[in-house]
Each structure stands twice: as structure tokens, then as C-alpha cells.
Amino acid sequence: MKKIILPAFLALCVISACRNVPSNPGNKDTTVVADSTLISAIDGLVLKGPISPVERPGIPNTAPLANAPISISEDNTAQKPISIVSDSVGKFYVHVSPGTYTITPNSFPNMNPAGYPRPGQPATVVVPANTVVNDTLNYDTGIR
């Protein structure tokens with residue numbers, strides 16, 4: 001049994017190491033894709049905050065927001081916006097053509113009566129060819 005598990009584990013490690021993972025996710029930066037896949041994409045993170053009424057230096061006051069509704073539209077085109085939701089850890093990833101895009105955090109369909117979490121401002125990103133652009137969207141929790 002041990003003879004089967006070790007090779008399977010090693011194969012999994014090699015496959016995982018070959019993934020093309022963008023650097024510094026969640027921040028506005030770009031990662032040039034260095035292999036033959038040649039893709040352009042938007043890699044994002046959705047955060048909610050504040051999560052505590054008291055700010056403490058050096059302690060983050062945000063947390064990932066799951067299932068956040070987002071629209072991504074290419075500027076200066078009549079194409080229908082892409083509608084997506086963040087995953088269980090607040091991340092989203094969309095392959096796009098090179099261009100300028102507006103990423104809009106939308107209201108939750110079944111929002112509480114006070115309107116929280118309230119979506120933040122849209123972001124505009126420029127996606128060059130063969131580049132993954134990272135961005136962070138914020139939702140206000142209303143905690144004060």
C-alpha cells in the first residue's frame with residue numbers, strides 16, 4: 001500500500017508545482033504569463049470590512065467575502081457584462097481579451113433590510129495581452 005501512495009503523492013506535488021499562479025493576488029499589479037498558455041485574465045479578491053468596531057494597528061479589519069455578485073464589462077463595447085460571484089474564500093478569476101474593464105461589486109439579491117454588506121466603488125483595470133491583472137473589491141459591513 002505504501003508503494004502506491006508515495007508515487008501518487010509525488011505526482012500530485014509535481015502537477016501542483018506546474019500551475020501558473022499569479023503573484024501577489026489581491027493587489028493591483030500584473031503578472032506576465034511566461035509560458036506558452038498566453039492568456040489574459042482578471043484575478044480578484046473580494047473583502048468585507050470592517051469586521052470589528054475597533055481598529056487595532058497591525059491587525060487586519062477585513063475578511064474574504066464569499067458569493068459576492070460581481071459584473072465585469074469591457075469599456076467602449078456594447079457587449080453584455082460578465083456576471084460572476086466570488087468563491088468560498090472571496091476569490092474570482094476570469095479569462096478576458098486584452099482591453100480596459102470595469103469591475104463592479106453588486107448588491108446581494110437577498111440583502112438584509114439595512115442594505116449590508118454594501119458594495120464599494122467599481123474599479124477600472126487595463127488588461128494587456130498575455131497578462132493577469134490582480135484587483136481587490138471591497139464591501140462595507142456597516143460595523144462601526
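**Figure 1. Overall view of the predicted model.** Strands are DSSP runs of at least two residues, numbered from the N terminus; by this numbering, P50 belongs to the loop between strand 2 and strand 3 (63-64). The structure shown is a predicted model. The protein has 144 residues, of which 34% count as buried. Among contacts with a separation of 6 or more, 63% are made by residues 24 or more positions apart. The accessible surface amounts to about 9100 Å², and carbon and sulfur atoms contribute 61% of it.

Figure 2. Strand 2 (residues 41-49) runs antiparallel to strand 6, and five bridges join the two. Within this pairing, L45 stands opposite K91 of strand 6.

**Figure 3. Strand 7 between strand 4 and strand 9 in the pairing pattern.** Five of the seven residues of strand 7 are buried, so this strand is largely enclosed by the rest of the structure. Strand 7 pairs with strand 4 in the antiparallel sense over five bridges. It also pairs with strand 9 (residues 123-127), again antiparallel and over five bridges. Y101 of strand 7 takes part in both views of the pairing: E74 stands opposite Y101, and Y101 stands opposite V125 in strand 9.

Figure 4. E74 is located in strand 4 (residues 69-74). Although buried, E74 has no salt bridge; K80, the nearest side chain of opposite charge, is 15 Å away. Leaving aside residues up to four places away in sequence, E74 touches Q79, P98, G99, T100 and Y101.

**Figure 5. The salt bridge between R144 and D140.** The structure holds one salt bridge. R144 forms a salt bridge with D140, and the closest N and O atoms are 2.9 Å apart. R144 counts as exposed because its relative accessibility is 65%, above the 50% cut-off for that class.

**Figure 6. The aromatic pair of F108 and Y139.** The count of aromatic pairs comes to one. F108 and Y139 form this pair in an edge-to-face arrangement, with 5.8 Å from centre to centre and 65 degrees between the planes. F108 lies in the loop between strand 7 (99-105) and strand 8 (118-119), and Y139 lies in strand 10 (residues 131-140), so the pair ties together parts that are 31 residues apart in sequence. Both F108 and Y139 are buried.

Figure 7. Most residues other than glycine have a negative phi, and most peptide bonds are trans. A cis peptide bond joins G49 to P50, with omega about -5 degrees. Another cis peptide bond, with omega about 0 degrees, links Y116 and P117; P117 is found in the loop between strand 7 and strand 8. N67, in the loop between strand 3 and strand 4, has a positive phi near 60 degrees. N76 likewise has a positive phi, near 60 degrees, and lies in the loop between strand 4 and strand 5 (82-85). N76 is exposed, with a relative accessible area of 84%.

Conventions: Residues are numbered from 1 along each chain as its sequence is written. This is a predicted model: local features need pLDDT of at least 70, side-chain atom pairs count only at pLDDT 80 or more; totals for chains, interfaces and linings use all residues. Side-chain values use heavy atoms; hydrogens and water are left out. Buried means under 20% relative accessible area, exposed over 50%, partly exposed in between (1.4 Å probe, protein chains only). Contact means heavy atoms within 4.5 Å. Accessible areas come from the Shrake-Rupley method with a 1.4 Å probe; for residues, only the protein chains shown count as cover. Two strands pair if DSSP finds at least two bridges between them. Helices (H or I, at least four residues) and strands (E, at least two) are DSSP runs, numbered from the N terminus. A salt bridge is a side-chain nitrogen of Lys or Arg within 4 Å of a carboxyl oxygen of Asp or Glu. Lys and Arg count as positive and Asp and Glu as negative; His and the chain ends are not counted. Rings of Phe, Tyr and Trp (its six-membered ring) pair if their centres lie within 6.5 Å; planes under 30 degrees apart count as stacked, over 60 as edge-to-face and the rest as tilted.
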